[in-house]
Amino acid sequence: MSADDDDITEELLADAGKLTGLSLELLGLDPHPDDMTAEQRLQFDPEDLAEMAAVSPDDRRKAVGQTRLLAGLLWNSASILIDQLFRDLGTISALDAVTPADIAGTSVLSSLPPQFAAGCDAKFTQKFIVVAADVTACLVRGWTAPGCLAAELAVRCLLDQAEITEDIYELDLPDDWRAAVEEVLLEDAESNALYSDDAGPHNGGADGAGGGSLAFEHWFRPFAPGDTVPPYAYS
């Protein structure tokens, strides 16, 4: 690890405390029984509590450090995501017409299901920025499950950015960190189907598990009456 790698690790660890919307436990850290209340310990089997308590101090310190590093990485990636989306907007706004090749050359929009690339014009990108900003705000105010397909896709773009940073700096994170985070942030996600071979740009009849249409024009519509989408994106 180079000096620059050391610097980014220290920076991310310093940012970890800013991620107030997700606890370290939600990011995969097993709590120690001594840190639980009596009520919390009742939620676990005695065998699980014994296993948690048996973790050595060194292994515990490593797990805490890795999870804090992940928290800082998500915080850092949220800022990069929005910055890159504004760059994408500048790129798209300068074009007379948007082609799939144009989208393939962008920083964030290229992570969206490619069969829908032709629809990713400036207006779409503006709406997606608003949704992405709302999603990343949940990392601070308290996590709320994405309320529409665009929000789920914004989470995926956030994790894509986190993986890029991880790869560049070879961060010391658990191998399965993304799967663990997706299990929390994208539980029962309908957007998985958008990456299948059957999800074409005109597949307006395809329905997700919750009954919401996967059609491109429905990406900014709430999944259910209780779900929220920022007014600008929903309009």
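1. Arg178 is buried, because its relative accessibility is 14% (buried means under 20% relative accessible area, exposed over 50%, and partly exposed in between, with a 1.4 Å probe and protein chains only). Its partner in a salt bridge is Asp160, at 2.7 Å from N to O; a salt bridge here is a side-chain nitrogen of Lys or Arg within 4 Å of a carboxyl oxygen of Asp or Glu. Asp160 belongs to helix 7 (residues 149-169) and Arg178 to helix 8, so this pair ties together parts 18 residues apart in sequence. Helices are DSSP runs of H or I with at least four residues, numbered from the N terminus. Asp160 counts as partly exposed, because its relative accessibility is 23%. Through salt bridges with shared partners, Asp160, Glu163, Arg178 and Glu182 form one network.

2. On provenance: this is a predicted model, in which local features need pLDDT of at least 70 and side-chain atom pairs count only at pLDDT 80 or more, while totals for chains, interfaces and linings use all residues. Residues are numbered from 1 along each chain as its sequence is written, and side-chain values use heavy atoms, with hydrogens and water left out.

3. The salt bridge count is 7. One of them joins Asp58 and Arg61, whose closest N and O atoms are 2.2 Å apart. Both residues sit in helix 4 (residues 57-93), with a spacing of 3 residues, about one turn of the helix. Asp58 is exposed at 52% relative accessibility, and Arg61 is exposed at 54%.

4. Another salt bridge links Arg141 with Asp134, at 2.7 Å from N to O. Arg141 counts as exposed, with 54% relative accessibility, whereas Asp134 is partly exposed at 25%.

5. Glu25, Asp30, Asp45, Glu47, Asp48 and Glu51 make up a negative surface patch. Patch members have over 30% relative accessible area and no salt bridge, and like charges are joined within 9 Å; Asp and Glu count as negative, and the charge is placed at CG of Asp or CD of Glu. Accessible areas come from the Shrake-Rupley method with a 1.4 Å probe.

6. Where is Asp188 found? Asp188 is in the loop between helix 8 (177-185) and helix 9 (231-234). Asp188 is exposed, with 67% relative accessible area.

Definitions and conventions:
Patch = residues over 30% accessible without salt bridge, like charges linked within 9 Å, V, L, I, M, F, W, Y side chains within 5 Å. Helix = DSSP H or I, 4+ residues; strand = E, 2+ residues; numbered from the N terminus.
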